Amino acid sequence: MANENLAGSARRILAADDSNQDSLLLKEAFDVCSIPVVFECVADGDELRAKLEVGVDAFDLVLLDNNLPRRTALEVLSDERGLQLVRTVAVVVLSGFVAADDKLRLLELGARAVFAKPVDLDGYVSLAKDLNSLMPARD
């Protein structure tokens, strides 16, 4: 019963990242911060597109690896589904490196923020706090 209550108050995050380690560290960071989340992961742009077919409003936050296999963050946000996505849910791009012109374009396409990927758990904890502030409040 407690898990059902937690799931009801938890924010739903869809992480599109081909690095399982990065996704696990981010999930752990939310746990460390005591921020309840339901965390789903996909490994490439095609899986992301399939997951979003279910409905973009199923998520409070979508995290995109900038260099996602099969579809980069720029490609995801540039198509019609991407345009619908940014109108419905907070989208944040994470990357080890983003060229300044790509960052500007991602923000123009509707990404709420573009963050550098952290390198350790402390960095992910800081990122989790930043991401928490970008998600809608839950009652």
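Predicted model: local features only at pLDDT ≥ 70, side-chain atom pairs only at ≥ 80, totals over all residues.

Colleague: Fine. What order do the strands of the open sheet have?

Modeller: The order is 2-1-3-4-5, an open sheet of 5 strands with parallel pairing. From one strand to the next, the twist averages 20°.

Colleague: How many bridges join strand 4 to strand 5?

Modeller: There are 4 bridges between them, and the two run parallel. Serine 95 stands opposite alanine 116 of strand 5.

Colleague: Switching to helices. Which strands does helix 2 lie across?

Modeller: Strand 1 (11–16), strand 2 and strand 3, and helix 2 runs at about 175° to strand 2.

Colleague: And helix 7, which residues are buried there?

Modeller: Tyr124, Val125, Leu127, Ala128 and Leu131. Seen down the axis of helix 7, the buried residues fall within an arc of 165°, so they line one face. On the other side, Asp122, Lys129 and Ser133 are exposed.

Colleague: What do the buried residues of helix 7 pack against?

Modeller: Helix 2 (20–32), plus strand 3 (61–65), strand 4 (90–95) and strand 5 (113–116).

Colleague: Last one: how far apart are the end C-alpha atoms of helix 7?

Modeller: They are 20 Å apart, which agrees with the 20 Å that its 14 residues (121–134) should span at 1.5 Å a residue.

Terms used: Residues numbered from 1 in each chain as written. Heavy atoms only, no water. Expected span 1.5 Å × (residues − 1). Buried < 20%, exposed > 50% of the residue type's maximum accessible area, 1.4 Å probe, protein only. Arc of directions from axis to C-beta. Contact = heavy atoms within 4.5 Å. Pairing = 2+ DSSP bridges. Axes fitted to C-alpha atoms, helices over the stretch in contact; angles between N-to-C directions.
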